[in-house]
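Here are a few exercises to work through with the model open beside you. Try each task on your own before reading its solution.

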Amino acid sequence: MSFADESSISEINILPDGRVCLFGASQQVLELLDSILVGDQALKHRIKCLRTAEQTDRAQYNRVRL
Amino acid sequence: MDGRIGGITSRQAVEVERLELARQHYRHCRLCERRCGVDRISGEQGFCKAGSEARVYRCRVECGEEVELIPSQLLYLSGCNLRCAFCIGEADSFDPQQGQLLTSGFLTQMNVKGRQQRAKNIQWVGGEPTIHIPAIVAAMAGCDQQMPVVWKSNFFGTIEGFALLDGMIDVFIADFKFGNDACARRIAGVDEYVQVVTRNLSQVAPKARLIVRHLLLPGHLECCYRPIIDWMSRYLPTVPLHIMTGYLPRWQATRHRELCSPLKHEVGDSAIALAKEKGLDVIM
């Protein structure tokens, strides 16, 4: 079984009442869903945490370069 | 500082020390509470059918885990000691022959790949990693590129099995699935579930970071969910609890009448409110 490029695959299930169940979510998929499901606070919180971590990484990288 | 002594990290030194002890379970397996005692090296098979190798059937960086852990590089090992009718991994996750052989080289590659995608940690999931502890310890012992390690398990392992992991795991994630033995027997085919899982949770909690997960099952609010949060509030009130509301009927779930439909929205909301009322640390 090959799994080499599975990092980019997420599984999205949409229930009849509009709820979205997401498995194996990548950051890009979370961002996409956030742009559609604008009122979802759990999604917003998750993306905020990822972006904060990203900024911290970038700041550390820049410090090392300086 | 990674505590290197003679070219290996202090964690690797622990892993090397544990390896021989762990491998003894391949000769007489007591890694999980099925305690089948089979000789996996000579080809005997227990319930999980695992041999003396571990295989990874999926590997990817995910952002759907607990917020403090994401992004996380997940390694899905094939083979499991339970048969939960609603398993989202379905048949692939039960077949220990599925996937690529786990080696130190492979683990090193996955650590590098994970870091490239900004993963904060490497996470062992299944199937069930407990049945592959010797192969995992061997892979970790030969890998000096380690990120922090997360162990996501059904917690149906033995005390001896968990002892092999002492000092090697940064975060344990326990799937606390059932709040009584009758449901565990009927849906996952396992005996003495509650006693084993609660014992292991109590043992691990003082030693390492622990997060407990519970997937809300339709029709199991009173029989499973309530006993779980009652137990948590009594014995592990400060351990974070992740209540998952995204149940979908997968694999053989439709064999059980109450598991045929997704969880109703309002059930999830009221369950979370109940846990908060009890003062539990409910996390996302």
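**Exercise 1. Find the order of the strands in the open sheet of chain B, and its edges.**

Step 1. In this predicted model, the nine strands of the open sheet run in the order β3-β1-β2-β4-β5-β6-β7-β8-β9 (chain B), and the pairing is mixed. Strands here are DSSP E runs of at least two residues, helices are H or I runs of at least four, and both are numbered from the N terminus. Two strands pair if DSSP finds at least two bridges between them.

Step 2. Look for strands that pair on one side only: these are the edge strands, β3 (100-101) and β9 (282-283) of chain B.

Step 3. Now zoom in on β2 (residues 72-77) and β4 (residues 121-125) of chain B, which pair in the parallel sense over five bridges. Leu74(B) stands opposite Gln123(B) in β4(B).

A note on conventions: residues are numbered from 1 along each chain as its sequence is written, while chains are lettered from A and ligands numbered from 1 in the order in which they are written. As the model is predicted, local features need pLDDT of at least 70 and side-chain atom pairs count only at pLDDT 80 or more, whereas totals for chains, interfaces and linings use all residues.

**Exercise 2. Describe how α1 and α4 of chain B pack.**

Step 1. Two packed helices are described by the angle between their axes and the distance between the axes.

Step 2. For α1 (residues 10-27) and α4 (residues 133-141) of chain B, the angle is about 155° and the axes are 8 Å apart. Axes are lines fitted to C-alpha atoms, for helices over the stretch in contact, and angles run from 0 to 180 degrees between N-to-C directions.

Step 3. α1(B) is therefore roughly antiparallel to α4(B), a label for angles over 145 degrees.

Step 4. By class, their contact has ten nonpolar, two polar and three charged residues. (Contact: C-beta atoms, placed from the backbone, within 7 Å. Nonpolar: Ala, Val, Leu, Ile, Met, Phe, Trp, Tyr, Cys and Pro; charged: Asp, Glu, Lys and Arg; polar: the others, Gly among them.)

**Exercise 3. Outline chain A and the side that touches chain B.**

Step 1. Chain A has two helices and two strands, in the pattern β-β-α-α along the sequence.

Step 2. Across the interface, 23 residues of chain A are in contact with 21 residues of chain B. β2 (20-23), α1 (27-36) and α2 (41-65) of chain A each give two or more residues, and α2(A) gives the most, with seven.

Key. Angles under 35 degrees count as roughly parallel, over 145 as roughly antiparallel, 65 to 115 as roughly perpendicular and the rest as oblique. Two residues are in contact if their C-beta atoms, placed from the backbone, lie within 7 Å.
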